[in-house]
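Here is a short report on one protein model. Please view the sequence and fold first.

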Amino acid sequence: MLVMGIYQLGAQALSGTYSIPGSYASIEAAVAALNTNGISGAVTFNIGAGAAYSETPTTTIVLGSANLNATTSITNTITFQRAATATANPVIIAYAGTKLASSTDSIDGIFAIVGTDFVTINGIDLLDPATNTTATTCMEYGYGLYKLNANDGANNNTIQNCVITLNRVNSTNGVGARLNIAGSTGID
């Protein structure tokens with residue numbers, strides 16, 4: 001019976017203020033919960049309270065799903081921000097990429113907002129580490145804002161007070177919509 005109660009709590013739409021770590025172990029885990037459950041009110045994630053915080057996801061963190069995108073609005077907003085007591089901006093450290101900017105199927109990035117509206121990211125730094133030493137392992141973008149489909153773009157989003165550090169060794173030319181973009185782009 002206790003297990004059912006925990007499951008039901010996890011399946012509810014999110015609303016209110018959460019801490020990372022604390023309410024969620026990572027930004028990646030919080031985004032997974034948002035994508036699965038949607039929101040029923042304004043949601044704020046305070047990241048890194050009391051100390052420097054970093055995480056290294058295994059792939060691009062993708063904020064956006066049909067379920068989530070149907071629940072955001074001018075009053076149902078999502079905010080990821082540095083906790084007021086944090087000593088430094090939280091940092092998301094990139095994984096080792098596997099694509100080139102010229103890839104026709106997908107590219108490597110650190111954090112993507114896909115069709116989700118009314119998102120604010122305030123003081124969350126991104127870092128492509130020095131260990132990503134080739135154009136293939138480097139990230140093609142830091143923050144990416146993309147449409148989910150022809151009718152669902154990423155609108156009314158704010159990215160502020162963030163430092164995006166990408167590796168300049170990536171100079172491969174893009175293709176398609178990224179044709180005139182070579183290598184790494186801070187916000188795509």
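This is a predicted model: local features need pLDDT of at least 70, side-chain atom pairs count only at pLDDT 80 or more; totals for chains, interfaces and linings use all residues.

Residues are numbered from 1 along each chain as its sequence is written, and side-chain values use heavy atoms, without hydrogens and water.

**Sheet.** Four strands form an open sheet in the order β3-β6-β9-β12, with parallel pairing. Strands are DSSP runs (E, at least two residues), numbered from the N terminus; two of them pair if DSSP finds at least two bridges between them. At the edges lie β3 (54-55) and β12 (164-165), each pairing on one side only. Strands β6 (residues 91-93) and β9 (residues 125-127) run parallel and share three bridges. Ile-93 stands opposite Leu-127 in β9.

**Asn-161.** This residue sits in the loop between β11 (158-160) and β12. Asn-161 is exposed (over 50% relative accessible area, 1.4 Å probe, protein chains only). Beyond neighbours within four places in sequence, its contacts (heavy atoms within 4.5 Å) include Asn-89, Gly-123 and Asp-125.

| Item for Asn-161 | Value |
|---|---|
| Relative accessible area | 56% |
| C-alpha separation from Gln-81, 80 residues apart along the chain | 9.6 Å |
| Side-chain polar contact with the side chain of Asn-122 | 2.8 Å |

A polar contact is a pair of N or O atoms within 3.5 Å; within protein, one must be able to donate a hydrogen and the other to accept it, and residues adjacent in sequence count only if both atoms are side-chain atoms.

Note on methods. Buried means under 20% relative accessible area, exposed over 50%, partly exposed in between (1.4 Å probe, protein chains only).
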